[in-house]
Each structure stands twice: as structure tokens, then as C-alpha cells.
Amino acid sequence: MGRYQISFLVLFCVVSLFDQGSTNPVDDHHDDHHDAPIVGHHDAFLKAEFDLTSLNADLEKFIHHEIEKEIHDVENHTEHNKHEIDELHQEIKHLHEEVEYFKSHHVAFSAELTHPIENIAAEEIAHFDKVRVNSGHAYHADTGKFVAPEEGFFYFSVTICTKRDSILEMALHVNDHDEMIIHADAEHLELGCASNSEIVHLQKGDHVEVVKHGADGVPPFYIHTMSTFTGFMLH
């Protein structure tokens, strides 16, 4: 604002000179030694008018510049806010997609026996027919098999209980191959239970079931109704 202060000062000086010229007209009766006005009426008026016009032009430029700057700042701020809002919309959309994915891809089951299995044969599948949970419908009680609906990591847990004098070995099969063994020993107990669990990587269509592990153990090969088969998809 320094230049505007100078312009005001110049204007003040010019107006002062103008006033001096108008209140002290040239007196023909005074001696030649008296001081004459520095500028005449006409020149002082023109000078004041010129300075005022210049000042107005400078002020208009300054105001125009400030308005443009303010508009530019507002536009930048608005654009920044718009960018942040767009990012939030994208994040919300992504979270919504994840929620919908997990809703449609949630896989979990838990099954028991409605009745005991007597003298299960070697490699026979145990049909856990009392289904308590079957989210995703990947477990099939009629076959005793869990079929992976998609590729991923899955957690499985098996609990096997058998009666007195029996030693029973069961296996978790993945595509007809032993993945883990469950060894229940009730040789000297009224009821013998054993549990085992494992995380396996499955491809879509892979099947998992609980089977009698060969001929190993001590008959009678009896599976109590307290036995369970559980599994769920991790990711």
C-alpha cells in the first residue's frame, strides 16, 4: 500500500498549492519583491485532477487484483474439497463392495451326528448329518463332503469320540488324501475323545471329508454322537 500513501501525499500537496493559489491572487499593487504563487489556478487544478485520476486507476487495479486472487483461492479450495469428497466416495464404494463380497462369500459349517456309527469300515466317509450351521451351503450332509466354492484358505476341526475298549483312528481327507489324523483312545475309559484341526489351501471344487483311517485301531470302530466336523473359510 506504500504507493497509494505516496499518491495521497502528492494529492494533498497539490490541493494545498491549489488553495494557496486561489487565496493569494497576484496583487498588481504589491512590490515585485513579494512572493508569487508557485503555480497558477489552472495548473494546480489540472495537476490535482491528474493525480486523482491516476490514484483511481491504481485503486481499480489493486481491487481487481485482490478480487481475482480471492476467486482463485476459493476455486482452489473448492477443487481441493471436491477431490477429498471424491476420495471418500471411492473409499465408501470400496468398503461397500467388500461387505457385499463377504456377504456372498461367507463360508462356514458345523455338523454333528444324529445317531452313532457302528463298525465304520476302512476309508468309509462319516456322514455328519445333523447340520447346525451351513453358511454358503458348501457342506453336503448327504455325502458328508465339504466342497470348496472357490479358491482360498480354510480351517477345519474334527472331534471324534468313541466308546469303551475301542481305539479309533479317523482322517481328514482332502481330495482322497490324508491331511491329518484324529486318534481317539477309549481302551480304558468309558468314553475317549480326540480333536485335531488344520488350515488347508483349497482350489474351487476340492472336497474335504472325514474317513476311517484304514484298518488302524482296535475294534469295535464306533463313532459317538458327540463327534463333530467344523470348517470355515479364512480368506
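**Figure 1. Tyrosine 222 in the loop between β9 and β10.** Tyrosine 222 lies in the loop that links β9 (207-218) to β10. The model shown here is predicted. Is tyrosine 222 buried or exposed? Its relative accessible area is 11%, so tyrosine 222 is buried, given that buried means under 20%. Aspartate 165 is 57 residues away from tyrosine 222 in sequence. In space, the two C-alpha atoms are 10.0 Å apart.

**Figure 2. A cis peptide bond between proline 219 and proline 220.** Proline 220 sits in the loop between β9 and β10. Tyrosine 222 belongs to this loop too. The bond joining proline 219 to proline 220 is cis, with omega at about 10 degrees. Most peptide bonds are trans.

Figure 3. Histidine 173 is part of β6, which covers residues 167-174. Its relative accessibility is 7%, so histidine 173 counts as buried. Which side chain makes a polar contact with that of histidine 173? The partner is aspartate 178, at 2.5 Å. Aspartate 178 is also among the residues that histidine 173 touches beyond four places in sequence.

Figure 4. Asparagine 175 is found in the loop between β6 and β7. Aspartate 176 lies in this loop as well. Asparagine 175 has a phi near 55 degrees. For aspartate 176, phi is near 70 degrees. Both values are positive, in residues other than glycine. Most residues other than glycine have a negative phi. How accessible is each residue? Asparagine 175 counts as partly exposed because its relative accessibility is 27%. Aspartate 176 counts as exposed because its relative accessibility is 53%. The cut-off for exposed is over 50%.

**Figure 5. The open sheet β3-β4-β9-β6-β7.** This sheet has 5 strands, and its pairing is antiparallel. Which strands stand at its edges? They are β3 (139-140) and β7 (177-185), and each pairs on one side only. β3 is joined to β4 (residues 145-147) by 2 bridges, in the antiparallel sense. Across this pairing, histidine 140 faces lysine 145 in β4. β6, the strand of histidine 173, stands between β9 and β7 in the sheet order.

**Figure 6. The open sheet β2-β1-β10-β5-β8.** Here, too, the sheet is open, with 5 strands and antiparallel pairing. The edge strands are β2 (130-135) and β8 (191-202). Each has a single partner strand, so one of its sides is left without a neighbour in the sheet. Neighbouring strands are turned by 5 degrees against each other on average, direction ignored. Strands of a sheet pair through backbone hydrogen bonds.

**Figure 7. Pairing of β1 with β10.** How many bridges link these two strands? β1 (residues 108-112) and β10 (residues 228-233) pair over 5 bridges, in the antiparallel sense. Serine 110 stands opposite threonine 230 in β10. In the sheet order, β10 has β1 on one side and β5 on the other.

**Figure 8. The whole chain and the confidence of the model.** The protein has 2 helices and 10 strands. Along the sequence, they follow the pattern α-α-β-β-β-β-β-β-β-β-β-β. Of the 235 residues, 29% count as buried. Accessible surface comes to about 15,200 Å², with 57% of it on carbon and sulfur atoms. Among contacts between residues at least 6 apart in sequence, 69% join residues at least 24 apart. Mean pLDDT is 81, and 76% of the residues reach 70 or more. Where does pLDDT stay under 50? Residues 1-34 are such a stretch, with 27 contacts beyond four places in sequence in the model. Where pLDDT is low, the predicted coordinates should not be read in detail.

Definitions and conventions:
Residues are numbered from 1 along each chain as its sequence is written. This is a predicted model: local features need pLDDT of at least 70, side-chain atom pairs count only at pLDDT 80 or more; totals for chains, interfaces and linings use all residues. Side-chain values use heavy atoms; hydrogens and water are left out. Two strands pair if DSSP finds at least two bridges between them. Helices (H or I, at least four residues) and strands (E, at least two) are DSSP runs, numbered from the N terminus. Axes are lines fitted to C-alpha atoms, for helices over the stretch in contact, and angles run from 0 to 180 degrees between N-to-C directions. Buried means under 20% relative accessible area, exposed over 50%, partly exposed in between (1.4 Å probe, protein chains only). Contact means heavy atoms within 4.5 Å. Accessible areas come from the Shrake-Rupley method with a 1.4 Å probe; for residues, only the protein chains shown count as cover. A polar contact is a pair of N or O atoms within 3.5 Å; within protein, one must be able to donate a hydrogen and the other to accept it, and residues adjacent in sequence count only if both atoms are side-chain atoms. pLDDT is the predictor's confidence in each residue, from 0 to 100.
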